[in-house]
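Take a look at the fold shown here. How are its strands arranged, and what packs around them?

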Amino acid sequence: MASENTLYPNVKRFENENGMAAKILLAASEIHGSGLPRIVGNSSALRRVLDMVRVVAPTDATVLINGETGTGKELIAEAIHKYSDRSSGPFVKVNCAAIPAGLLESELFGHERGAYTGAVARGIGRFERAHRGTLFLDEIGDLPLELQPKLLRVMQERQFERLGGSATIQTDVRVICATHRSLVEMVDEREFRADLFYRLSVFPIELPPLRERTEDIRLLVHHFVMDYAARMNKRITAISEEFMTALERHSWPGNVRELQNFIERSVILSSGSVLSGTLPEVTCASKSFEAVTLEEAERSHILQTLQQTEGTVGGRGGAAARLGLPRTTLISKMRRLGINRGHGSALPMRTAASVPI
């Protein structure tokens, strides 16, 4: 097996007094070059994704990136473009969920003057702008049904007409799509065309949620803390070990985006050289994109409650009272699910331990 330095050549290290290094990957595997989006992590799950990126990028295959919100689908799409033969061409992005359905056709294919009320001049669509480059269609699951045949045609025949026009325009575009929705289920429910789904999913890539790559959380935290501390001119030299442990144990339903926003808020509130704080309470249940067993759901709920009570099981404000269970019953469940008291004491309280940056 290749060494870590061979696989990840561009690594910035932050040494602490024990000689341990926090590795931030500015590029991964052979994916390396100026202008490449920053990809942080060293987990096997992320490495598998980057290996797939390295394999598919030099081809012209259509890529479908699946993943929960906040997992970095756009970063992976941009990495594919940067590592491809089209890297010198444009990388054009379209969020299908952010553009009203009535305007999306014009955004994608352009329009001629007078094509609709308000079209006072010719408009160039995203397919024309992405000529000899890459078009990234984010949230493809939100593409209206009436536009799906037109997208299928342009992908298969590499030609289209502007809205209100008759001239056929040739295009040379690689399409990369992303979605947090299950297109298979949408096809079954007749919300997405099966022929378009098969055309888009030539090379599917599944991005793992942050809870499945917890070993990357420490690297991400170091990266975000240093970034925001530099922007805000704050001298943060270490992170509370208990705070870091709490971050690693949190489920992060919003994935890397949620973690990034939380670290930014923590840096803003920080007044000393050691970053510490408390995790926000989960106010809404996150939708799981994979089925979980009843035991897994029960364990997760108990862990979150223990985190909120700082590990207190009994008493008026303890986890047992919040869960509506007798103290002995909760303790029995904890033993059965492999939860010890240490799981609940994840929130930083009185501690001098810290992780130097």
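## Sheet and cores

Five strands form an open sheet in the order 4-5-8-3-9, with parallel pairing. Strands here are DSSP runs of E with at least two residues, helices are runs of H or I with at least four, and both are numbered from the N terminus. Two strands pair if DSSP finds at least two bridges between them. This is a predicted model: local features need pLDDT of at least 70, side-chain atom pairs count only at pLDDT 80 or more, and totals for chains, interfaces and linings use all residues. Residues are numbered from 1 along each chain as its sequence is written, and side-chain values use heavy atoms, leaving out hydrogens and water.

Strand 4 and strand 9 (203-206) are the edges; each has a single partner strand, so one side of each lacks a neighbour in the sheet. Strand 5 and strand 8 pair in the parallel sense over five bridges. Phe136 has Ile176 in strand 8 as its bridge partner.

Now the interior. A nonpolar core is a set of buried Ala, Val, Leu, Ile, Met, Phe, Trp, Tyr and Cys residues joined through side-chain atoms within 4.5 Å. Buried means under 20% relative accessible area (1.4 Å probe, protein chains only).

| Core | Size | Residues include |
|---|---|---|
| Largest | 31 residues | Phe127, Leu137, Ile140 |
| Second, separate | 24 residues | Ile236, Leu247, Leu259 |

Helix 6 gives the most, with four residues. Ile140 touches (heavy atoms within 4.5 Å) residues including Leu64, Leu151 and Phe192.

Definitions and conventions
Buried means under 20% relative accessible area, exposed over 50%, partly exposed in between (1.4 Å probe, protein chains only). Lists of a residue's contacts leave out its neighbours within four places in sequence.
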